[in-house]
Amino acid sequence: MSTSASGYIVLLGAPGAGKGTQAERLEKDIELPHIATGDLFRAALKQQTELGKLAQSYMDRGVLVPDDVTIAMVKERFGQADASRGAILDGFPRTVEQAVALDSILAERGAGVTIAPYIKVSTDTLLARLAGRWVCRGCGAVYHMLYSPPAREGVCDSCGGELYQRSDDTPETHLKRIQVYLEETAPLIEFYRDRGLLAEVDGEQDIEGVYADLLRLVRGATQSSS
Ligand code: AP5
Ligand code: MG
Ligand code: ZN
């Protein structure tokens with residue numbers, strides 16, 4: 001059963017924690033759009049736009065795209081009608097500057113962040129998850145060759161699209177992204193804890209276990225409006 005909700009949900013967690021995996025499920029159950037800045041940059045790159053080419057030079061090195069570029073892109077995405085009731089934010093904000101910008105974007109519409117679930121995972125687990133990840137070229141669905149394999153190797157269960165490995169999924173880039181996360185993004189855990197919005201989830205559980213905890217927290221925080 002799906003329940004429509006309203007509110008802005010900020011998914012926190014390191015690269016490979018499972019933000020995208022969980023957001024895919026949440027989007028179907030609570031009927032709020034999944035806005036992932038990494039996916040927006042990859043879509044821009046596929047279209048070969050200036051934004052996409054600029055972002056690629058940062059993504060391939062495992063470092064963050066500059067805040068001004070990222071914030072402008074998110075503002076534009078928020079301008080679309082589907083985000084008027086709320087959104088599931090995945091990979092944004094990623095710096096304190098982005099979190100402050102998000103607060104002011106939401107304040108303009110009389111809203112604020114509703115909850116910031118933090119999917120907590122050890123570094124060993126992150127590396128194992130990132131190493132086995134495959135993504136659908138068609139619909140963006142996320143698989144893992146051991147933990148969440150598709151029914152047919154190399155083929156997406158949902159849309160029949162081809163599965164590929166992201167160009168930033170190399171062992172060197174994984175370590176760099178985790179380091180950048182610890183330096184620039186981990187401070188957001190305290191940022192949201194201080195505001196009473198943080199909700200920790202044990203991310204070491206299997207996908208369904210994490211999802212059960214996450215859905216309970218999110219349902220508790222977002223008002224049901226169906
Ligand atoms: P982005 O695309 O956001 O990548 P990321 O943050 O590094 O996170 P990932 O997508 O790697 O991990 P995830 O948590 O979504 O895990 P997933 O669900 O796939 O960003 C990429 C780049 O874009 C950045 O490096 C930066 O350059 C740029 N960028 C993006 N946003 C930006 C911003 N705001 N500012 C500046 N730059 C920005 O799961 C991983 C794997 O594990 C999958 O195979 C999955 O099947 C498996 N898995 C998931 N959960 C479980 C589980 N519970 N048990 C077992 N396996 C699991
Ligand atoms: Mg992701
Ligand atoms: Zn697909």
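**Reading a predicted model**

Reply: Let us begin with one residue: Ala14 is buried, since its relative accessible area is 6% and the cut-off for burial is under 20%. Please keep in mind that the model is predicted.

Me: Which residues is Ala14 in contact with, leaving aside its neighbours within four places in sequence?

Reply: Contact here requires heavy atoms within 4.5 Å. With those neighbours set aside, Ala14 touches Lys19, Leu126 and Tyr181. For a distance across the fold, take Leu197, which is 183 residues from Ala14 along the chain; the two C-alpha atoms are 18 Å apart.

Me: What lies 2.9 Å from a nitrogen atom of ligand 1?

Reply: A polar contact is a pair of N or O atoms within 3.5 Å. A polar side-chain atom of Gln98 is placed at 2.9 Å from a nitrogen atom of the ligand, and a backbone N or O atom of Gln205 is also 2.9 Å from a ligand nitrogen. On the oxygen side, an N or O atom in the Thr21 side chain lies 2.5 Å from an oxygen atom of ligand 1.

Me: How much of the accessible area of ligand 1 does the protein cover?

Reply: On its own, ligand 1 has 1,000 Å² of accessible area, and the protein covers 97% of this.

Me: What can be said of the protein as a whole, and how many helices and strands does it have?

Reply: The protein has nine helices and nine strands. Its radius of gyration is 17 Å, close to the 17 Å that the globule rule gives for 226 residues, so the protein is as compact as a globular protein of that length. Of the 226 residues, 50% count as buried. Among contacts between residues at least 6 apart in sequence, 73% join residues at least 24 apart. The accessible surface is about 11,000 Å², with 52% belonging to carbon and sulfur atoms.

Key. Residues are numbered from 1 along each chain as its sequence is written. Chains are lettered from A and ligands numbered from 1 in the order in which they are written. This is a predicted model: local features need pLDDT of at least 70, side-chain atom pairs count only at pLDDT 80 or more; totals for chains, interfaces and linings use all residues. Side-chain values use heavy atoms; hydrogens and water are left out. A polar contact is a pair of N or O atoms within 3.5 Å; within protein, one must be able to donate a hydrogen and the other to accept it, and residues adjacent in sequence count only if both atoms are side-chain atoms. Accessible areas come from the Shrake-Rupley method with a 1.4 Å probe; for residues, only the protein chains shown count as cover. Helices (H or I, at least four residues) and strands (E, at least two) are DSSP runs, numbered from the N terminus. The radius of gyration is taken over C-alpha atoms; the globule rule is 2.2 Å times the number of residues to the power 0.38. Buried means under 20% relative accessible area, exposed over 50%, partly exposed in between (1.4 Å probe, protein chains only).
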